[in-house]
Amino acid sequence: MNSRRAWIVFAVGVFAYMAAVLQRSTLGVAGVSAAERFDTSAALLSSLAVLQLVVYAGLQIPIGLLIDRVGPKLLICCGSAVMAAGQLVLAFAPDIGTAIAGRVLVGAGDAAVFISLIRLINSWFAGRTVPLLSQWTGNIGAIGQVLSALPFAWVLHNAGWTPAFSAAAALSFVAFVLGVVLLADRPAEAAEPPRAASVRDALRGLGLTLRRPGTQLGFWAHYTTQASGTVFALFWGFPFMVSALGFDQAKASLFLVVIVVSGLIAGPILGVLTARFPLRRSNLVLSIVALLGVVWTAVLLWPGVPPTWLILLLVISLGIGGPGSLIGFDFARSFNPIRSLGSANGVVNVGGFSASFVTMFLIGLLLDAQFSSGISPALYDLDAFRRAFAVQYLVVGFGVVMFLLARRRTRRQLEEDEGISVGPIWVALSTAWKRRGA
């Protein structure tokens, strides 16, 4: 394997993903501007972000199957091009309907990039390097949130809506060009993995992937850890800080950057822990969810306006949840063969984003239900946001229950596959893991 070539592929792939995160998160800092531009209610306005995530989540499994059929390079390039087109549609959108169409394109293009990049990493690297690079992928890609919170926000507020979204589209176009020139599905000397002979075979393989308890475990790990941070960073966090907490827009943008910085620090640590202690990955997931639950409870129950230090603690915790969700892909890698890893990663990636769009839309509905129709999110008060944000406990709590059930099924399956029926569960799992050579 050409080491230099592998790192070039990784760098270009991560750049494409960073551009995708920028496109995904631009609306997070443009929420107030969008409310003014399109003059609509919170529920309809949130559909800009919700439909983007619905399309993203809905395409994950089809994209995963395509990765296994045609390879990740084509999908990264096409995804980058579609996102650029979608942002240009949004840049010139005269009404909410056209804006929604643009975000649908953004969601469709975004759907192809991340899991394609995870497949590239598994094709070009091996061993403990894979979970470490998976974490670094999330961390470097999250710089896209910094680009949306700082330079994009600056252009938006100084040059206007159209120049800002047009500039964002240009970055994905650059990713498209670099992908066409520099990406490759696998090293030249590597054998091509077996592919499904027909659509029926591909669907049969997908069924096997869905039935594997380890895939389900990855799905629910992603579901429980990602949703809260995604909802906050992509849409409702900025209006919450500006309208309910009284932050100015520059300060709110800075707090969104803290989410990214927190993830950059936590990601490598979680990557090392995941690689060194694979039998404790589920405990890492549960610890992150518990941290988020405790901090959110403090924010929502604080008498009066929560102090700045508590909001800082909240965004730091949300930043940890981002790289924490990537543990789900490590579960998929552990329990699926390489030939079906694309579809397995697609299944996992549906988890966090399905939880995100459900939560995001419910927050919009709950905000609208508390006020007369047509009110701008800029006018919602702190108590309204508190009541709306509380819906996270229901969505994430359901995911925790399902995660625990999937963990039990995964452990039972490991015992059965390896013929281990006695001794403590951790001994059984450790023995099974060693037999697999992982």
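Because the model is predicted, local features need pLDDT of at least 70 and side-chain atom pairs count only at pLDDT 80 or more, while totals for chains, interfaces and linings use all residues. Residues are numbered from 1 along each chain as its sequence is written, and side-chain values use heavy atoms, with hydrogens and water left out.

Let's start with the charged pairs. The structure holds 5 salt bridges, a salt bridge being a side-chain nitrogen of Lys or Arg within 4 Å of a carboxyl oxygen of Asp or Glu. One of them pairs D68 with R119, at 2.6 Å from N to O. This pair ties together distant parts of the chain, with D68 in helix α3 (residues 42–70) and R119 in helix α5 (residues 96–124), 51 residues apart. Helices here are DSSP runs (H or I, at least four residues), and strands are too (E, at least two), numbered from the N terminus. Both D68 and R119 are buried; buried means under 20% relative accessible area, exposed means over 50%, and partly exposed is in between (1.4 Å probe, protein chains only).

R386 and D383 meet at 3.5 Å, N to O, and both sit in helix α16 (residues 382–389), 3 residues apart, or about one turn of the helix. R386 is buried at 12% relative accessible area, whereas D383 is partly exposed at 39%. Elsewhere, salt bridges with shared partners join R281, D330 and R333 into one network.

Next comes S282, found in helix α12 (residues 281–301). With 5% relative accessibility, S282 counts as buried. Leaving aside neighbours within four places in sequence, S282 is in contact (heavy atoms within 4.5 Å) with F331, F403, R407 and R411.

Finally, there's the surface. F173, V177, V180 and V181 make a nonpolar patch of about 360 Å². Patches are made of residues with over 30% relative accessible area and no salt bridge, where like charges are joined within 9 Å and nonpolar side chains (Val, Leu, Ile, Met, Phe, Trp, Tyr) within 5 Å. Accessible areas come from the Shrake-Rupley method with a 1.4 Å probe, and for residues only the protein chains shown count as cover. V177 lies in helix α8 (residues 161–182) and is partly exposed, at 37% relative accessible area.
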